[in-house]
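Hi,

Here is the structure I promised to pass on to you. Have a look at it first, and then read my notes below.

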Amino acid sequence: MDGASEAARGGARPGGPLRSRRVLAGLGAGSAALALACSPGGGGDPGHDAAAEVRVVATVVPLALLASPLASSRVAVEVLVPPGATPHGYEPRPSDVARLAAADLFLRVGGSLDAWAARLLDAAGREPASFVLLDVPDLGLRGLHGAPLRPTEEPDPHVWLDPVRVRDRVLPVLARRVAAVEPEGPAAVAGRLEAFRRELTSLDGEIRGLLEGIPTRAFVSFHPTWGYFAERYGLRELEALEKAPGRPPSPAELARLAELARSEGVRAVLLEPQLDPKLGRALAREIGVATVVADPLGDPRDPERSTYAGLMRFNARAFHRALGGASPP
Ligand SMILES: [Zn+2]
């Protein structure tokens, strides 16, 4: 693709057993297959994975990417918000209620990101066993852009974008929930958990190595997503184009943001596949820099972004490009 991608590919890639545990839909080689709750045309069919003995339903793709490597092929992991859509302000469909009604384990982020899940649970008339990401103990939650969390403030929910928090805090709790429903029993889950955690240790080192020597550390994101990632890897999310999901900046705010980005030497504006790129492109034009796509959610249809580690490598390469770590994009 380009120099940055090549540099990333040149790094050590863990070749462990997880390589065979990609969660591509329909390719459940020994571990859970990730099913999309919604075909591109809409109208998902809750009965399509009838072979699975156990159903895990996640509100968003990243939770499914974390759960799938922990579960066997006897577990179907399904996602409600279709790939390419943003979970902020998602409108659940009747088929989502049917999925939840049949779920053995429900994975959600918590807070406002998937607050619509509460309505779904009401409509489904039952509360399956649940994993709530933001309820995981000792997560070290932060406010937007990595700021300390004020008592009245809702935490930045995008915790999964820090592989170390995922490895040390999230996966052990998630694995206990998966083990409670896994037909192969807890020992099998424990083994997969250890392999996954080792993979994340190696992933963390890889990202650290890639982003170590880049010349700039500051960036502008599209929506306030990258605080935990930036904190982990010594970067600085200056500001986001959208202060809150779905709230575009006024022309005056845009001008001020361009001024700030220029004075901080920002080299690129980050876009996200799930959000309209128009505003980001306008800002990039205004400051005379390129746009770079980074993806906070992942997409089971794209082999590059269909596993957690793959997604994070994709993002590390995007940041490497955005921050001037290779020849200009
Ligand atoms: Zn978000």
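The lining of the second largest pocket is made up of 7 nonpolar, 4 polar and 3 charged residues. Here Ala, Val, Leu, Ile, Met, Phe, Trp, Tyr, Cys and Pro count as nonpolar, Asp, Glu, Lys and Arg as charged, and the others, Gly among them, as polar. This is a predicted model, where local features need pLDDT of at least 70 and side-chain atom pairs pLDDT 80 or more, while totals for chains, interfaces and linings use all residues. Residues are numbered from 1 along each chain as its sequence is written, and side-chain values use heavy atoms, without hydrogens and water.

Where does the second largest pocket lie? Domain 1 (10-207) and domain 2 (214-322) both contribute residues to its lining, so the pocket lies between them; the domain bounds come from an automatic or database assignment.

Now to the rings. The structure holds 6 aromatic pairs (ring centres of Phe, Tyr or Trp, the latter by its six-membered ring, within 6.5 Å; planes under 30 degrees apart are stacked, over 60 edge-to-face, the rest tilted). Trp226 and Phe319 have ring centres 5.1 Å apart and planes at 75°, so this pair is edge-to-face. Phe229 and Tyr233 form a tilted pair, with 5.1 Å between centres and 55° between planes. Both Phe229 and Tyr233 are buried (under 20% relative accessible area, with exposed over 50% and partly exposed in between, using a 1.4 Å probe and protein chains only). Trp226, at 0% relative accessibility, also counts as buried. Phe219, Trp226, Phe229, Tyr233 and Phe319 form one aromatic cluster.

Enjoy exploring!
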